[in-house]
Amino acid sequence: MTETSRPARPALSRRGLLFGAAAGTVGATLAATTASPAAAAAPPDAEDLVDLARTYPFYGTAEQAGIRTPPQRHIVFMTFDLVSPQRADLQHLLARWSAAAAQMMKGGAIGRIEPARPDAVGLDTGEALGLGPAALTVTFGLGPAVFSDRYGLAAQRPAGLRPLAPLPSDALKPEFSGGDLSVQACADDPQVAYHAVRDLARIARTTGTAATRFAVLGFGRASAGPGQTTPRNLFGYKDGTRNIRGDADFDRFVWIGDGPQGIRGGSYQVVRKIEMHIENWDTDRIGDQNAVFGRFKQSGAPLSGRDEFDTPDFALRDAAGAPVIPPASHVALAAPENNDGVKILRRSYNYTDGINALGQLDAGLLFISYQNDPAHFERIQARLGAADRLSEYVSHIGSAIFFVPPAAPEGSYIGAPLFA
Amino acid sequence: MRPETRNIAATTPATLRPVRRHPALAAAAGLAALVALSPAARAETDAAPVKDGVAQVAITLLGDEGGRCVLDHASAPAGPVTFSVTNRSAPGLVELELLGDDRILGEKENLAPGLPTVAFTVTLGGGGYAIYCPGAAQEMQAFTVTGAAAATATSDTAALLAEGAAGYAHYVDGIVDAMATAVGRLRADIDAGDLAAARRDYALARPFYERIESDVDGFVLDGHALTDNAGNLDYLVDMRASNLDPAVGWHGFHAIERDLFESGAITASTKALGVELERNVELLRTRVKTLAYKPEDLANGAASLLEEVQTNKVSGEEESYSHIDLVDFAGNVEGAEQAFAFLEPGLERIDPDLAARVKAAFAAVKTALAAYRDPQTPGGYATYTAALRDAEAPKLSRTIAALQEPLARIAEKVATAN
């Protein structure tokens, strides 16, 4: 699933392009900005490129694309409620969705955009025409209610799939929570991601199988994948410096290692809509912000170190004997060292919903994690929710959990073995 | 319902418009052209085997070579033929049709790799047919039936649809008659200065217009330009605050609604509005009775009634003073369902799956609406207050959306069966 096809079209580095353009056309501005610390103007990672011709295969024999795949720049995430009680309808929907996703990930339309007959409606809505595949990945998840007697799937329920336990500081709203099916569409062009979800939602309506529940549009990936520089969340901090990267950790913490065909090789997707009170945050002094995260804002280094990837030293004390990394800081509470070595794969994005009813900027983090046991997420979040100093500045307003089946081989569809 | 705007001065009934054919589809009609097109015709000239009196043709959809629809036999003897369709590996191919003389004789939708084989059976007379695989590298393939050129089921389907369209015209005539009577009652209440009776009869008159509103828009009074709302009968009867043309002002149902429910007073101007509405509804009635409908007009009209529900009723915009939006909502749905019911016998022949889906979706909408029934309120439905709207609109809107998508597929099917 990590293999990619790279057509001959030259890769475009968005940040590289921006830097180049700035040098050529607004040199004076650039000169002014380079006066800031060198880290701010460092060139982007050579591997961290936006290539709108890049494709990932939908079909495969391992995991679905969109988990291990390097995070793209944009996401449209949507959940659905099943409205048909028919097992066959659910099968049809998953099969139509799989076929459509396979087409769209190749950069194709899912059907005729302009049918030959004037009285016909198009099968594809058309807005992604000519935009290229843009590294689109579509990842499907099945919620707890799918595995019920209603669909004859109660016996197939993956061992770890259950509603998440209530967690400290939860402020969940039903309108941002739950769902029977999830669609995570990520791409380097937001319109490509939106088109994918829109057309999948249309198939759900056409087949009368599922209705939309909640959606989040995210941008500027807030978690790093392998080979990527660590991006920043809307607090301005690098997030995901210590994210899962190696195959061994994927096998140990992300993929479900046992169970029957159709379960093994899958994962659990935890989704949290986390509102950030960014206007309050912006008034907080930098020393306190660093203490809240346990990292330096600009370099991303732990407060105990000098470079981003320095391992945090939670034992280090300052001259007065106080821990250099405060025990209630985000990094201290979330660190695997302090959670019996437990890790989760974070694949989050920033989001904004514009301005809220109070006239404040309405923004936050669409937190998405993948793990082979939802208890791993609960364990970490229970600590964060209870003690994290960051809690002053965030509210968990949405929550959902899904089982993400392994990829479908060509000629089949996501979840097919469950119906065998 | 019809894309053309008609001039009300026209005296001839609307006539059937020639069906515009896409070159590719038009070509499919001619067997000679097809065979020339079709390399598939070369090897599979042997006729399909007949099992229990039914010829068996297997069609396999493959994803290679840009997407292929492979027939195991390209001909069959006259009589019943079963086409079994399996999508083995073609994510881009989700539908398949059997065409005869440009008409859809049978089809399968919702094809996707991994799903079980689906089949349809049609009785075919001798002649040339085509298998249409939208999106395949070769979309059209010839299919030949040998033997007597029997009268096919097609003509029955077309006749059923034509019968339905004629039946629908009677339905619309009945509704405009009832509307004229109801509006006459409303006008009399207003003349008598009876506010309570006028409010009640307003709610009783409204749903008639809502049932057929997609048929009655686009009429322009003699001597007016297309863009002049002073001559637009739909504007004069059904304008509201959101489409107010300041140059023409308030007219019709909603001007009366504003007097009855907002200011709560019947004035000389209300009486003038009542007289004007009665006159315009009478004009509508005369014009509507000259209309003829094609099957696809029914389908497109039903679709636009549902669009009306989504844009004006769910939002509570239509009846902003009387709040009888749910009465209008039910009127739109009933009009759409009637149009569908008249098409259903023909559609059953063409695409029974689609007919069943649409029927189930209508049932879901009606179940949702039934929750708001209130015999005490004029019009029979709960008052659509802001609180009710905020609580219920998302659910109602989704239920309608679930009906809109399958319903939108009908026009194409019935148009091709003409």
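In this predicted model, the end C-alpha atoms of residues 166-409 of chain B lie 21 Å apart, and the span is 71% helix and 1% strand. UniProt assigns the feature "domain: Imelysin-like" to these residues, in an unreviewed entry. Chain B as a whole holds 12 helices and 12 strands. Of its 418 residues, 53% count as buried. Among the contacts in chain B with a separation of 6 or more, 73% are between residues 24 or more positions apart.

For residues 64-219 of chain A, UniProt lists "domain: Dyp-type peroxidase N-terminal" in an unreviewed entry. That span is 23% helix and 21% strand, and its end C-alpha atoms lie 21 Å apart. For residues 230-407 of chain A, the UniProt feature is "domain: Dyp-type peroxidase C-terminal", also from an unreviewed entry. Here the end C-alpha atoms lie 27 Å apart, with 22% helix and 23% strand in the span.

Helix α9 of chain A comprises residues 374-387. The buried residues of α9(A) are Pro374(A), His376(A), Phe377(A), Glu378(A), Ile380(A), Gln381(A), Leu384(A) and Gly385(A). An α-helix has 3.6 residues a turn, so residues three or four places apart point the same way. The buried list includes Phe377(A), Ile380(A), Gln381(A) and Leu384(A). What covers the buried residues includes the strands β5 (267-276), β8 (361-371) and β9 (394-404), together with helix α8 (330-334), of chain A.

Asp325(B) is buried yet has no salt bridge; Lys313(B), the nearest side chain of opposite charge, is 7.5 Å away. The side chain of Asp325(B) does, however, reach the backbone nitrogen of Glu318(B) at 3.4 Å.

Because Glu318(B) lies in the loop between α8 (295-313) and α9 of chain B, and Arg206(B) in helix α4 (residues 195-216) of chain B, the pair ties together parts that are 112 residues apart in sequence. Glu318(B) counts as buried, at 1% relative accessibility, and Arg206(B) is buried with a relative accessible area of 0%. Both belong to a network of salt bridges that also links Glu210(B), Glu213(B), Asp238(B), Arg240(B), Glu308(B), Lys313(B), Glu317(B), Glu319(B) and Asp328(B).

Helix α9 of chain B takes part in another link. Asp156(B) forms a salt bridge with Arg349(B), the closest N and O atoms being 3.9 Å apart. Asp156(B) lies in helix α3 (residues 153-191) of chain B and Arg349(B) in helix α9 of chain B, so this pair ties together parts that are 193 residues apart in sequence. Asp156(B) counts as partly exposed at 40% relative accessibility, and Arg349(B) is partly exposed with a relative accessible area of 42%.

Over all chains, the structure holds 53 salt bridges. One of the salt bridges is formed by Glu95(B) and Arg112(A), with the closest N and O atoms 2.3 Å apart. Since Glu95(B) lies in the loop between β6 (79-87) and β7 (96-100) of chain B and Arg112(A) in the loop between α3 and β2 of chain A, the pair joins two chains. Both Glu95(B) and Arg112(A) are buried.

The loop between α3 (87-105) and β2 (137-142) of chain A also holds Ala134(A). Ala134(A) has a positive phi of about 50° although it is not a glycine, and counts as buried at 0% relative accessibility. In chain B, Glu65(B) likewise has a positive phi of about 50° without being a glycine. Glu65(B) is found in the loop between β3 (54-62) and β4 (68-71) of chain B, and is exposed, with a relative accessible area of 61%.

Key:
Residues are numbered from 1 along each chain as its sequence is written. Chains are lettered from A and ligands numbered from 1 in the order in which they are written. This is a predicted model: local features need pLDDT of at least 70, side-chain atom pairs count only at pLDDT 80 or more; totals for chains, interfaces and linings use all residues. Side-chain values use heavy atoms; hydrogens and water are left out. UniProt positions are given in the numbering used here, feature names are shortened, and annotations may be inferred rather than shown by experiment. Helices (H or I, at least four residues) and strands (E, at least two) are DSSP runs, numbered from the N terminus. Buried means under 20% relative accessible area, exposed over 50%, partly exposed in between (1.4 Å probe, protein chains only). Lys and Arg count as positive and Asp and Glu as negative; His and the chain ends are not counted. A salt bridge is a side-chain nitrogen of Lys or Arg within 4 Å of a carboxyl oxygen of Asp or Glu. A polar contact is a pair of N or O atoms within 3.5 Å; within protein, one must be able to donate a hydrogen and the other to accept it, and residues adjacent in sequence count only if both atoms are side-chain atoms. The expected span of a helix is 1.5 Å times one less than its number of residues. Contact means heavy atoms within 4.5 Å.
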